[in-house]
Amino acid sequence: MSEVKLTVNGRNISKSVSDRTLLVELLREELGLTGTHVGCDTSQCGACTVHIDGNAVKSCTVLAAQVSGSSVTTIEGLAKGDTLHPMQEAFRTHHGLQCGFCTPGMIMMGVDIVNRHPEGLDETTIRKELEGNICRCTGYHNIVKAIAAAAEDMRTGATSLAAE
């Protein structure tokens, strides 16, 4: 057993977990943060993407004990109360979802992509950066449009930047 101490969505968390507990399991099963989805269990789909210390990580490949002392942001931690993060708002406005299963991971990856490309993004860059996140429904067109729109909003400060 390991004692894991994390900040999750701004809350300090301390839990005893089995040494083999994955971060996604801790988030979903212990903390009730079910917006982080388990899609493939093999790091192929990206549905479990969260931010660890500000960087997008697939939480199905990380042991909870490995990130003790870190700050974790999940999809639930992006919005400020009733105000959606610009990326969440862009996915809503530009219909960047269909069944919704991949959406939390896509949004978390989208925020990471924008944060790593403050100079701006083009469609080719967005599509390349999304290669580790799979959507089986939309064909990515509206996902790419949503990320591009959010990138512009975040770059120009048209809306506030979120929890991170």
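Which residues in helix 5 are buried? The model in view is a predicted one. Select residues 141-156, which form helix 5, and colour Ile143, Val144, Ala146, Ile147, Ala150, Ala151 and Met154, for these are the buried residues of the helix. Now look down the axis of helix 5: the buried residues fall within an arc of 160 degrees, so they line one face of the helix.

The length of the helix may be checked next. Helix 5 has 16 residues, and at 1.5 Å a residue they should span 22 Å. Its end C-alpha atoms lie 23 Å apart, which agrees with that expectation.

Which helices do the buried residues of helix 5 pack against? They pack against helix 2 (86-93), helix 3 and helix 4.

The axes of helix 2 and helix 5 come within 8 Å and cross at roughly 140 degrees. The two helices are therefore oblique to each other, and their crossing is right-handed. On the side of helix 2, the contact is made by Pro86, Met87, Ala90 and Phe91. The residues of helix 5 that take part include Ile143, Ala146, Ala150 and Met154.

The axes of helix 2 and helix 3 are 9 Å apart, and the helices pack at an angle of about 125 degrees. That angle makes helix 2 oblique to helix 3, and the crossing is right-handed. Met87, Gln88 and Phe91 of helix 2 make the contact with Thr103, Met106, Ile107, Gly110, Val111 and Val114 of helix 3.

Glycine 120 counts as partly exposed because its relative accessibility is 26%. For a distance across the model, select alanine 64 as well: its C-alpha atom and that of glycine 120 are separated by 33 Å, although the residues are 56 apart along the chain.

The last stop is serine 59, in the loop between strand 4 (55-58) and strand 5 (71-73). Is serine 59 buried or exposed? With a relative accessible area of 0%, serine 59 is buried. Leaving aside neighbours within four places in sequence, serine 59 is in contact with Leu22, Leu23, Val24, Thr36, Cys48 and Val50.

Definitions and conventions: Residues are numbered from 1 along each chain as its sequence is written. This is a predicted model: local features need pLDDT of at least 70, side-chain atom pairs count only at pLDDT 80 or more; totals for chains, interfaces and linings use all residues. Side-chain values use heavy atoms; hydrogens and water are left out. Buried means under 20% relative accessible area, exposed over 50%, partly exposed in between (1.4 Å probe, protein chains only). Helices (H or I, at least four residues) and strands (E, at least two) are DSSP runs, numbered from the N terminus. The expected span of a helix is 1.5 Å times one less than its number of residues. The arc is that of the directions from the helix axis to the C-beta atoms. Contact means heavy atoms within 4.5 Å. Axes are lines fitted to C-alpha atoms, for helices over the stretch in contact, and angles run from 0 to 180 degrees between N-to-C directions. Angles under 35 degrees count as roughly parallel, over 145 as roughly antiparallel, 65 to 115 as roughly perpendicular and the rest as oblique. A crossing is left-handed if the near helix is turned anticlockwise from the far one by less than a right angle, and right-handed if clockwise.
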